[in-house]
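User: I have a model open and would like to talk through how its parts hold together. Could you walk me through it?

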Amino acid sequence: TATLRLTQIFMIILILTHWFSCSFHFIGDQGAEFDDTWIIVDEMQHESLGRRYLRSFYWSLYTITTIGYGSVPVISIHERLFSMLAMAVGAVICDAGLTAVLASILQNKDKQAGTNNRRIQCTKLFMATNDVDERLQSKILEYFAYADDEMRNIDETDILNDFSSSLRSEVLSHFSFDSLRDCTYFDDISD
(Lines give C-alpha, C1' and ligand atoms only; values in the text may rest on other atoms or scores of the structure.)
Protein backbone atom coordinates (compact mmCIF):
# COMPACT_ATOMS: atom_id res chain seq x y z
CA THR A 1 0.00 0.00 0.00
CA ALA A 2 2.91 2.35 0.60
CA THR A 3 4.08 2.02 -2.99
CA LEU A 4 0.53 2.55 -4.20
CA ARG A 5 0.15 5.72 -2.12
CA LEU A 6 3.47 7.10 -3.40
CA THR A 7 2.52 6.24 -6.98
CA GLN A 8 -0.83 7.97 -6.54
CA ILE A 9 0.72 11.18 -5.18
CA PHE A 10 3.30 11.27 -7.98
CA MET A 11 0.58 10.72 -10.57
CA ILE A 12 -1.42 13.58 -9.03
CA ILE A 13 1.67 15.80 -9.22
CA LEU A 14 2.23 14.90 -12.89
CA ILE A 15 -1.41 15.52 -13.81
CA LEU A 16 -1.42 18.85 -11.96
CA THR A 17 1.84 19.78 -13.64
CA HIS A 18 0.30 19.05 -17.04
CA TRP A 19 -2.85 21.07 -16.29
CA PHE A 20 -0.91 24.01 -14.92
CA SER A 21 1.56 23.96 -17.82
CA CYS A 22 -1.28 23.96 -20.36
CA SER A 23 -2.97 26.83 -18.51
CA PHE A 24 0.28 28.78 -18.17
CA HIS A 25 0.95 28.35 -21.87
CA PHE A 26 -2.62 29.42 -22.71
CA ILE A 27 -2.33 32.56 -20.54
CA GLY A 28 1.01 33.47 -22.13
CA ASP A 29 -0.21 32.77 -25.65
CA GLN A 30 -3.46 34.73 -25.28
CA GLY A 31 -1.78 37.70 -23.63
CA ALA A 32 0.95 37.90 -26.28
CA GLU A 33 -1.44 39.69 -28.62
CA PHE A 34 -1.87 42.64 -26.23
CA ASP A 35 1.07 42.72 -23.86
CA ASP A 36 4.44 41.24 -23.01
CA THR A 37 4.14 37.70 -21.61
CA TRP A 38 6.57 34.97 -20.70
CA ILE A 39 6.45 33.70 -24.29
CA ILE A 40 7.59 37.10 -25.68
CA VAL A 41 10.19 37.90 -23.00
CA ASP A 42 11.58 34.35 -23.11
CA GLU A 43 11.72 34.64 -26.94
CA MET A 44 9.59 31.53 -27.41
CA GLN A 45 7.03 33.05 -29.84
CA HIS A 46 8.70 31.45 -32.89
CA GLU A 47 9.31 28.08 -31.23
CA SER A 48 7.14 25.04 -31.89
CA LEU A 49 4.15 24.28 -29.70
CA GLY A 50 5.99 21.26 -28.32
CA ARG A 51 8.99 23.33 -27.20
CA ARG A 52 6.71 25.95 -25.60
CA TYR A 53 4.76 23.19 -23.84
CA LEU A 54 8.00 21.69 -22.57
CA ARG A 55 9.09 25.10 -21.27
CA SER A 56 5.72 25.68 -19.56
CA PHE A 57 5.81 22.11 -18.15
CA TYR A 58 9.24 22.90 -16.72
CA TRP A 59 7.85 26.11 -15.17
CA SER A 60 4.86 24.24 -13.78
CA LEU A 61 6.92 21.42 -12.28
CA TYR A 62 9.34 23.68 -10.44
CA THR A 63 6.54 26.00 -9.35
CA ILE A 64 4.31 23.23 -7.98
CA THR A 65 7.16 21.40 -6.28
CA THR A 66 8.66 24.71 -5.03
CA ILE A 67 12.13 23.60 -6.09
CA GLY A 68 13.11 26.94 -7.57
CA TYR A 69 11.86 29.99 -9.34
CA GLY A 70 12.95 32.50 -11.92
CA SER A 71 14.24 30.79 -15.05
CA VAL A 72 10.91 31.28 -16.86
CA PRO A 73 9.88 34.92 -16.48
CA VAL A 74 6.43 35.72 -15.11
CA ILE A 75 5.51 39.07 -16.68
CA SER A 76 1.79 39.86 -16.89
CA ILE A 77 -0.66 40.25 -14.03
CA HIS A 78 -2.56 37.17 -15.22
CA GLU A 79 0.65 35.13 -15.20
CA ARG A 80 1.49 36.36 -11.68
CA LEU A 81 -1.96 35.54 -10.33
CA PHE A 82 -1.85 32.13 -11.93
CA SER A 83 1.65 31.57 -10.54
CA MET A 84 0.42 32.35 -7.03
CA LEU A 85 -2.41 29.84 -7.46
CA ALA A 86 0.04 27.20 -8.68
CA MET A 87 2.32 27.86 -5.70
CA ALA A 88 -0.58 27.54 -3.25
CA VAL A 89 -1.81 24.29 -4.79
CA GLY A 90 1.76 22.99 -4.92
CA ALA A 91 2.29 23.80 -1.25
CA VAL A 92 -0.76 21.77 -0.31
CA ILE A 93 -0.19 18.82 -2.64
CA CYS A 94 3.59 18.53 -2.72
CA ASP A 95 4.74 19.94 0.57
CA ALA A 96 1.94 18.84 2.88
CA GLY A 97 0.59 15.86 0.93
CA LEU A 98 3.85 14.19 0.02
CA THR A 99 5.31 14.84 3.45
CA ALA A 100 2.25 13.30 5.12
CA VAL A 101 2.42 10.18 2.94
CA LEU A 102 6.14 9.69 3.54
CA ALA A 103 5.76 10.30 7.29
CA SER A 104 2.93 7.76 7.46
CA ILE A 105 5.02 5.15 5.65
CA LEU A 106 7.98 5.69 7.96
CA GLN A 107 5.78 5.64 11.05
CA ASN A 108 4.23 2.31 10.06
CA LYS A 109 7.66 0.81 9.38
CA ASP A 110 8.98 2.09 12.72
CA LYS A 111 5.93 0.74 14.55
CA GLN A 112 6.32 -2.70 12.98
CA ALA A 113 10.06 -2.75 13.70
CA GLY A 114 9.35 -1.83 17.33
CA THR A 115 6.73 -4.58 17.62
CA ASN A 116 9.12 -7.13 16.13
CA ASN A 117 11.94 -6.07 18.44
CA ARG A 118 9.66 -6.22 21.52
CA ARG A 119 8.46 -9.71 20.55
CA ILE A 120 12.05 -10.94 20.18
CA GLN A 121 13.18 -9.39 23.48
CA CYS A 122 10.21 -10.88 25.37
CA THR A 123 10.84 -14.28 23.80
CA LYS A 124 14.53 -14.17 24.74
CA LEU A 125 13.63 -13.28 28.32
CA PHE A 126 11.04 -16.08 28.44
CA MET A 127 13.52 -18.61 27.07
CA ALA A 128 16.28 -17.51 29.46
CA THR A 129 14.07 -17.70 32.56
CA ASN A 130 12.63 -21.10 31.58
CA ASP A 131 15.93 -22.74 30.58
CA VAL A 132 14.91 -23.44 26.99
CA ASP A 133 17.43 -25.57 25.11
CA GLU A 134 19.97 -23.54 23.08
CA ARG A 135 19.11 -25.39 19.87
CA LEU A 136 15.41 -24.67 20.33
CA GLN A 137 16.16 -21.01 21.15
CA SER A 138 18.09 -20.73 17.91
CA LYS A 139 15.22 -22.29 15.93
CA ILE A 140 12.70 -19.91 17.51
CA LEU A 141 14.80 -16.83 16.76
CA GLU A 142 15.41 -18.08 13.20
CA TYR A 143 11.65 -18.42 12.76
CA PHE A 144 11.12 -14.82 13.92
CA ALA A 145 13.79 -13.65 11.48
CA TYR A 146 12.03 -15.60 8.72
CA ALA A 147 8.62 -14.20 9.70
CA ASP A 148 9.93 -10.63 9.81
CA ASP A 149 12.11 -10.72 6.68
CA GLU A 150 10.61 -13.27 4.32
CA MET A 151 6.93 -13.24 5.26
CA ARG A 152 6.98 -9.51 6.01
CA ASN A 153 4.95 -10.06 9.19
CA ILE A 154 2.06 -11.76 7.45
CA ASP A 155 -0.04 -13.49 10.09
CA GLU A 156 -1.40 -16.71 8.61
CA THR A 157 -4.00 -17.01 11.37
CA ASP A 158 -5.41 -13.57 10.53
CA ILE A 159 -5.63 -14.54 6.88
CA LEU A 160 -7.46 -17.79 7.68
CA ASN A 161 -9.82 -15.97 10.06
CA ASP A 162 -10.78 -13.61 7.23
CA PHE A 163 -12.07 -16.57 5.20
CA SER A 164 -15.64 -17.81 5.45
CA SER A 165 -16.09 -21.02 7.45
CA SER A 166 -16.68 -23.08 4.29
CA LEU A 167 -13.58 -21.68 2.60
CA ARG A 168 -11.55 -22.23 5.77
CA SER A 169 -12.75 -25.89 5.84
CA GLU A 170 -11.75 -26.31 2.20
CA VAL A 171 -8.27 -24.92 2.91
CA LEU A 172 -7.95 -27.21 5.93
CA SER A 173 -9.03 -30.15 3.81
CA HIS A 174 -6.48 -29.24 1.18
CA PHE A 175 -3.59 -29.12 3.63
CA SER A 176 -4.71 -32.06 5.77
CA PHE A 177 -6.50 -34.62 3.67
CA ASP A 178 -5.23 -34.07 0.13
CA SER A 179 -1.67 -34.84 1.15
CA LEU A 180 -2.86 -38.02 2.91
CA ARG A 181 -4.82 -39.09 -0.17
CA ASP A 182 -1.65 -38.77 -2.25
CA CYS A 183 0.30 -40.99 0.12
CA THR A 184 0.65 -44.55 -1.21
CA TYR A 185 0.22 -46.05 2.27
CA PHE A 186 -3.45 -45.04 2.24
CA ASP A 187 -4.36 -46.29 -1.23
CA ASP A 188 -6.55 -49.08 0.19
CA ILE A 189 -8.61 -46.72 2.38
CA SER A 190 -11.57 -44.89 0.90
CA ASP A 191 -12.63 -41.32 1.68
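Analyst: Gladly, bearing in mind that this is a predicted model. Among contacts in the chain between residues at least 6 apart in sequence, 60% join residues at least 24 apart.

User: What does the secondary structure of the chain come to?

Analyst: The chain has seven helices and zero strands, so that, read along the sequence, its pattern is α-α-α-α-α-α-α.

User: And how much of the chain is buried?

Analyst: Buried residues account for 25% of the 191 residues. The accessible surface of the chain is about 13700 Å², and 60% of that belongs to carbon and sulfur atoms.

User: Which residues in the largest nonpolar core touch the most other members?

Analyst: That core has 18 residues, and the ones touching the most other members are Phe 20, Phe 24, Trp 38, Trp 59, Ile 64, Val 72 and Phe 82. At least two residues of this core come from each of helix 1, helix 2 (38–41), helix 3 and helix 4, and helix 1 gives the most, with six residues.

User: Switching to rings, how many aromatic pairs does a search of the whole structure find?

Analyst: The search finds six aromatic pairs. One of them joins Phe 20 and Phe 82 in a tilted arrangement, with 5.3 Å centre to centre and 55 degrees between the planes. Because Phe 20 lies in helix 1 (residues 2–31) and Phe 82 in helix 4 (residues 77–129), this pair ties together parts that are 62 residues apart in sequence.

User: Are those two buried or exposed?

Analyst: Phe 20 counts as buried because its relative accessibility is 9%, which is under the 20% cut-off, and Phe 82 likewise counts as buried at 11%.

User: What about Phe 24 and Trp 59, how is that aromatic pair arranged?

Analyst: Phe 24 and Trp 59 are stacked, at 3.7 Å centre to centre and 10 degrees between the planes. This pair also links distant parts of the chain, with Phe 24 in helix 1 and Trp 59 in helix 3 (residues 49–64), 35 residues apart. Phe 24 and Trp 59 are both buried.

User: Which residues form one aromatic cluster?

Analyst: Phe 20, Phe 24, Trp 38, Trp 59 and Phe 82 form one such cluster.

User: Back to Phe 20, what is it in contact with, leaving aside its neighbours within four places in sequence?

Analyst: With those neighbours set aside, Phe 20 is in contact with Trp 59, Ser 60, Ile 64, Phe 82, Leu 85, Ala 86 and Val 89.

Technical notes: Residues are numbered from 1 along each chain as its sequence is written. This is a predicted model: local features need pLDDT of at least 70, side-chain atom pairs count only at pLDDT 80 or more; totals for chains, interfaces and linings use all residues. Side-chain values use heavy atoms; hydrogens and water are left out. Rings of Phe, Tyr and Trp (its six-membered ring) pair if their centres lie within 6.5 Å; planes under 30 degrees apart count as stacked, over 60 as edge-to-face and the rest as tilted. Helices (H or I, at least four residues) and strands (E, at least two) are DSSP runs, numbered from the N terminus. Buried means under 20% relative accessible area, exposed over 50%, partly exposed in between (1.4 Å probe, protein chains only). Contact means heavy atoms within 4.5 Å. Accessible areas come from the Shrake-Rupley method with a 1.4 Å probe; for residues, only the protein chains shown count as cover. A nonpolar core is a set of buried Ala, Val, Leu, Ile, Met, Phe, Trp, Tyr and Cys residues joined through side-chain atoms within 4.5 Å.
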